[in-house]
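Visitor: I have a structure to look at and would enjoy a guided walk through it. Could you show it to me?

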Amino acid sequence: METLNFLLQGFAVALTPENLMFAAIGAILGTIIGALPGLGPANGVAILIPLAFSLGLPASSALILLTSVYAGAMYGGRISSILLNIPGDEPAMMTCLDGYPMALKGKAAEALAISAIASFIGSLLATVGLVILAPVLAKFALRFGPAEYFALFTLAFATLGGITGKNQVKTVVAACLGLMIATIGVDITTGNQRYTYDILELYEGVDFIIAIVGLFAISELLFFIEMHAGEGFKKVALNKLKLSMKDIIQVLPTSLRGSILGFIAGVLPGAGASLGSFLSYTMEKKVVGKNGTFGEGDPRGVAAPEAGNNAAANGALVPMLTLGVPGSGTTAVLLAMLISLNIQPGPMLFTQNAELVWGVIAALFVGNLILLLLNIPMIGIFVKLLSIPPKYLMPVVTLVASVGIFAISNSPLDLYFMIGFGLLGYLLRKLHIPLVPVILGMLLGPEMEKSLRHALTISDGDWTILWSSGLSVGIWVVAITGLVLPYIVGPVLRRRMAAAQDKEHSIVD
Amino acid sequence: MKFPAVKTLIATATFALAAQASAFEQSRTAECIAPANPGGGWDFTCRSVGKVLADLGYISGNVQTVNMPGAGGGVAFAHTISKRGDDSALIVAASTATTTRLAQGQFVGMDLDMVRWVGALGADYGVIAVSKDSPYQTLTELMDALKADPTAVKFGGGSAAGGWDHLKVLIAGRSAGIEKANLPKVKYLAFNGGAEAITQVVGGHIEAFTGDISEAQGFMESGDLKVLAVLSEERLPAPLDGIPTAREQNIEAVAPNWRGFYVPKGVSDEAYQWWVDTMDNVYTSDNWQDVMQKNGLMPFHKTGADFSTFVKGQVDSIKEISTEIGLIK
């Protein structure tokens, strides 16, 4: 009941004309960002953070704008999957499997509409899940002391590679790189400086927003230059939409199952949206795909991963808001933004910044509705955007990113850093070292170190404090499982994913 | 109460300059550097004062807030000294965090005499608080426990070790009579912000919170936190007048985190005086009193020579206590 009251108050915040406008702008920008191949959600949010700052938006409006971008990107990812057979972002990968064949059969509009409805259901249910679960978890999270947090951060790192992660060693290398960058600056536990070489700009460490924009956006630009992909992509033409109520009802059970599975995958740290969509798709194939229509353009094969990845995206907000531990790259970026706005995520967020949190949650509901309305009648416009040649698009993105970074601090040094991180990102991607662990390392490293040192200060240097409570022991067990499991289950899962993709390619070729 | 005294002081000190002071013409637009990212206290100081300056017509154009984060204000301090030495249309936001870092020599090669201190327009006072189920009911009880065993109470706060929140505990502890040798043994856990530290206190993982009243107010109203003492000279205005001061409990500890400004060293005396007079007028204006009311800023006002003396005194006393506990050698 209390929750319902808060939620109503949240709607009062989200439904002010100004915030409604920001939600709509965010939803549109997000859909575009998600639809354009290469510009993932993490990227999109990262580029817009500096912009939100330089506009001097109040915290709630800035957050509403950016969470709408986040939600919109999850919707947008499917557009290029279906029309180009190139996922707009990683979680939309599974949508290619049945979406593109549907488009080839001349049912592109239906595929887009069904996936929009499935995305809506996934997002909606997961937001309901967030409303129910987050306050409960927030109360519980008070029991987290430094020792428990240390175990939790270890868990986040241990599961970083994800169950589908290919090369654990490369993930570890990337995370260590992030941790190393994170040690730069004043050590808050002792007040000493580390690796600052008397350069004043380094005292507060390296700003992770600069690192994110550099690693993702600038490296993307470098990749683009290398590929000379000057022209737009070839895409399937859009037909006139003929969608009956029956078609929608047909995909409803699939969407519901996909949403629930996706939400659970999202709440678990490390798993994220990609796993959510993958699990939903494979489960649905097992449950209803016995006659082998999956992979040949089955509408349910479009609905399942879309419901799954949208649900997972909102599910990932639960640990981020209540514990301050992000479950995916994009939530890590959102966390960075919260910290920059001087809002401390954690158990107290729901009592201290109730208006803000519930405003954002309400905005997710509103944004979701806007997205559904945008994505069915106005889909043609987004599709047109896909034909903008990247040679025009990438410079604009880079310009927006650079202006935004400079506007936050007015420091040219930050721009050099951004370019430096761009080069680093390019190099790492060439070496197939994932970028998200670098960001998480930078973001979580100082927290993890602080937790460990706090725990040891409390216990007078006795290390057993780290596993002295039932809660921390539980987290350690999950962490170790998360680290070991990929070696056992990973090869199996990867073979299945590869098999599914091979099958799809055989259709395309 | 202090206010007329300041006025008189300024009036006498600047009597000779009065004619020239009125001759000084401020430029149409001004700039306020907030030495941190948007959203923090310095950013708030710049934006709110900037708005009042423009609304009241002291600056005919607008006051632009420029964020210059880095080194806890050090980047902006260096920038002011090296690049803006005589810019009379520039003010830079500062607070007790600035004086703390100056005192501890964290702005390498720079000291407080390299800029001119204009004035403070309000303060946030220090508090020491415990969770609602804590056995400690008064600051005296808490300090007695520390006297018996300096590790008995672990404090959490939002500044780095040796920072202002940490120093508040030590200032109170010293006044309460904790032995000098035992002061460095008092445990302080540094968090990223007041809220994070309070969460740990409410969760029962550490015993006490040290921070500002603005950080504690929400948690106090929700009943999670019990504020044992406010480190102000007198009780705060309602609705916070129920909190006893440390002085009432015979612990002479006053810790204001003031919000104010400095200007470059090289500005003319007329320009400096213009800023001092303007800040006096801003402080008494309804617009500013309204800002203070809405944002929980407590009365605290010093300008000109009075403020410069105060800043010097604060730096000296922070230096002294930091040396005592071994933070600076």
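Visitor: Where is H432(A) found?
Guide: This is a predicted model, in which local features need pLDDT of at least 70, side-chain atom pairs count only at pLDDT 80 or more, and totals for chains, interfaces and linings use all residues. Residues are numbered from 1 along each chain as its sequence is written, while chains are lettered from A and ligands numbered from 1 in the order in which they are written. Helices (H or I, at least four residues) and strands (E, at least two) are DSSP runs, numbered from the N terminus. On that numbering, H432(A) sits in the loop between α18 and α19 of chain A.

Visitor: Is H432(A) buried or exposed?
Guide: A residue is buried if 20 or more other C-beta atoms lie within 10 Å of its own, exposed if 12 or fewer, and partly exposed in between, with C-beta atoms placed from the backbone. H432(A) has a positive phi of about 60° although it is not a glycine. Because it has 9 C-beta neighbours inside 10 Å, H432(A) counts as exposed.

Visitor: Which residues of α19(A) make the contact with α13(A)?
Guide: Helix α13 (residues 329–340) and helix α19 (residues 436–458) of chain A pack at about 35° with axes 10 Å apart; axes are lines fitted to C-alpha atoms, for helices over the stretch in contact, and angles run from 0 to 180 degrees between N-to-C directions. Two residues are in contact if their C-beta atoms, placed from the backbone, lie within 7 Å. From α13(A) come G329(A), A332(A), L335(A) and A336(A), and from α19(A) come V436(A), I439(A), L440(A) and L443(A).

Visitor: How many nonpolar residues has the contact of α13(A) with α19(A)?
Guide: Ala, Val, Leu, Ile, Met, Phe, Trp, Tyr, Cys and Pro count as nonpolar, Asp, Glu, Lys and Arg as charged, and the others, Gly among them, as polar. By class, this contact has no charged residues, one polar and, for the nonpolar class, seven.

Visitor: What arc do the buried residues of α7(A) cover around the axis?
Guide: In α7(A), the buried residues are T171(A), A174(A), A175(A), G178(A), L179(A), I181(A) and A182(A). They are on the same side of α7(A), because the arc they cover around the axis, taken from the directions from the helix axis to the C-beta atoms, is only 165°.

Visitor: Which helices of chain A do the buried residues of α7(A) pack against?
Guide: Helix α7 itself spans residues 168–182 of chain A. Its buried residues pack against α6 (146–158), α18 (412–430) and α19 of chain A.

Visitor: Which element gives the most to the side of chain A that touches chain B?
Guide: The contact takes 32 residues from chain A and 36 residues from chain B. Elements giving two or more residues to the chain A side are α14 (349–352), α17 (390–409) and α19. With three residues, the one that gives the most is α19(A).

Visitor: Which residues on the other side of α12(B) are exposed?
Guide: Among the buried residues of α12(B) are F307(B), F310(B) and I318(B). The buried residues fall within an arc of 140° seen down the axis, so they line one face of the helix. Exposed on the other side are T309(B), G313(B) and E320(B).

Visitor: What is omega for the peptide bond from A238(B) to P239(B)?
Guide: P239(B) lies in the loop between β8 (225–230) and β9 (256–264) of chain B. Most residues other than glycine have a negative phi, and most peptide bonds are trans. The bond from A238(B) to P239(B) is cis, with omega near 10°.

Notes. Expected span 1.5 Å × (residues − 1).
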